[in-house]
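Reader: I am new to this structure and would like a close look at one part of it. Please take me through that part slowly, and then on to some others.

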Amino acid sequence: MSDCVLAIDQGTTGTTALLLDQNVEVVASANVEFPNHYPQPGWVEHDVSEIWNSIEEAVTAALSKAGSVNIVAIGITNQRETSLFWDRTTGQSIHRALVWQDRRTTDFCLELKRAGHESMLRARTGLVVDPYFSGTKAKWLLDHVEGARDRAAKGEILFGTIHAWLAWKLCGTHATDPSNASRTLLFNIHEMNWDPVLLELFDIPAQCLPRICDNAEILGRTHGLGFLPDGIPVAGMAGDQQSALFGQACFGRGEAKSTYGTGAFILMNTGSEAVTSNNGLLTTVGWRIGGETTYALEGSAFIAGAAVQWLRDGLGIIERAEEIEALASSVENSGGVVFVPALAGLGAPHWRPEARGLLSGVTGGTTKAHVARAVLEGIALQIADILGAMESDAGIELAALKVDGGAARNDLLMQYQADILRTECVRPTVLETTALGAAFLAGLGVGFWNSPAKVRETWREDSTFSPQMLDDDVEGHLAAWAAAISKA
């Protein structure tokens, strides 16, 4: 029987369970999808019972594939800002979870800006005022669910993002880590605690918030789950993008990665310094291990892989997501079509929550292949905006960008990304770096691996995509993108 770490990667559209042995070989993995719910335009919700079912199914399937294994620790990584309150006794959510893409708190964010709170919030949290972040969602739930505010004040209901609820379900502990806490607009990233000034501003009772733990620390042990044995330590947690940064072994200042999932996210390690952005990026906590904090700069594009899902489910242009590469490759270019993937507003560096998706340059000769290619290019062009801002803030020109996530399998997208960035994109052999990061953190939490250096030793390259497009062509693509953005 081999010893393994179990990583639970709870994402926006599905859950992945991954078993990793001490040699950092993937023993088995399984993914189970679940639905999003859209009560009205701009609102996005999850039924957390469906999330829990997906976790049980994914873990059970991975264990079935693996055969006889001994799980020494569990690591959790999660879609970060998705928020809920649950009953302290039953664990039942008082309302569907509000997904990070949800925009229902846009008006409240405008009120905060008009009242002059934006600079204070940015100084304390490293974040901009936007519906993306959890604090506004917590306030909405307390204001709109009958009796919620009174129950929160009495400590009868608990708040957290998905990882905190999972920890509660797995081992009965109400805890969060600094990477997730730093995405709430309630956490002071310099003092590393819940900020009483911000709690008062958002009217959030402190007693409903989780305690802050390190990213690699035993929180508790499994009990009464049925699909997992009792007594397994839950020993690591991190928000999905910080977990991917860790899984990509970006431990040095200036090292960066881009993850292509439902959204697209670039993070750059800035070491012990919380770098303030002048270009609309976020200053966030990467991780805290052994009491030492590592910070990062982040730029987020809300829609990446979700745009491919829209082509599949919304427009019916493709039947399976994997078909988009062949379809897009069937034409030499997009035929002048530009797609702005603002299906849930625009994130960094624009921060325009009211923006909406846009197809421009459509003519009578436009085909579904041109649209498919434009969608892939739109995903990459967002990254170019973010990376340019990041290099300016950090004063570092990247020699290469590490890439991961499901869409990183798409060679056409990765080649276009390298072309438009004018820098190499390096893809690892294991693309599930979000789950890898959670596994590594849990393993460090129980001594399965003795140092992050072991993680760096195991990182292996699969492919490198080098820029091939002529500079004049790159400039043409960027100009067309800028014109489309101005219309969106």
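Author: Helix 6 (residues 162–171) has nine of its ten residues buried, so it is largely enclosed by the rest of the structure; buried here means under 20% relative accessible area, exposed over 50%, and partly exposed in between, with a 1.4 Å probe and protein chains only. Those buried residues are Ile162, His163, Ala164, Trp165, Leu166, Ala167, Trp168, Leu170 and Cys171, and just after helix 6 comes glycine 172, which takes a positive phi of about 75°. Helices are DSSP runs of H or I with at least four residues, strands are runs of E with at least two, and both are numbered from the N terminus.

This is a predicted model, in which local features need pLDDT of at least 70 and side-chain atom pairs count only at pLDDT 80 or more, while totals for chains, interfaces and linings use all residues. Residues are numbered from 1 along each chain as its sequence is written, and side-chain values use heavy atoms, with hydrogens and water left out.

Helix 16 (residues 471–487) has 17 residues and reaches 25 Å from its first C-alpha to its last, close to the 24 Å expected at 1.5 Å a residue, where the expected span is 1.5 Å times one less than the number of residues. In helix 16 the buried residues are Val474, Trp481, Ala484 and Ile485. They cover an arc of only 100° around the axis, which puts them on the same side of helix 16; the arc is that of the directions from the helix axis to the C-beta atoms. On the other side of helix 16, Asp472, Ser486 and Lys487 are exposed. The cover over the buried residues of helix 16 includes strand 19 (338–340), strand 20 (358–360), helix 12 (368–394) and helix 13 (411–421), with contact meaning heavy atoms within 4.5 Å.

At 40% relative accessibility, glycine 335 counts as partly exposed. Leaving aside neighbours within four places in sequence, glycine 335 is in contact with Gly361 and His370. Glycine 335 and threonine 366 are 31 residues apart in sequence, yet 6.9 Å apart in space, C-alpha to C-alpha.
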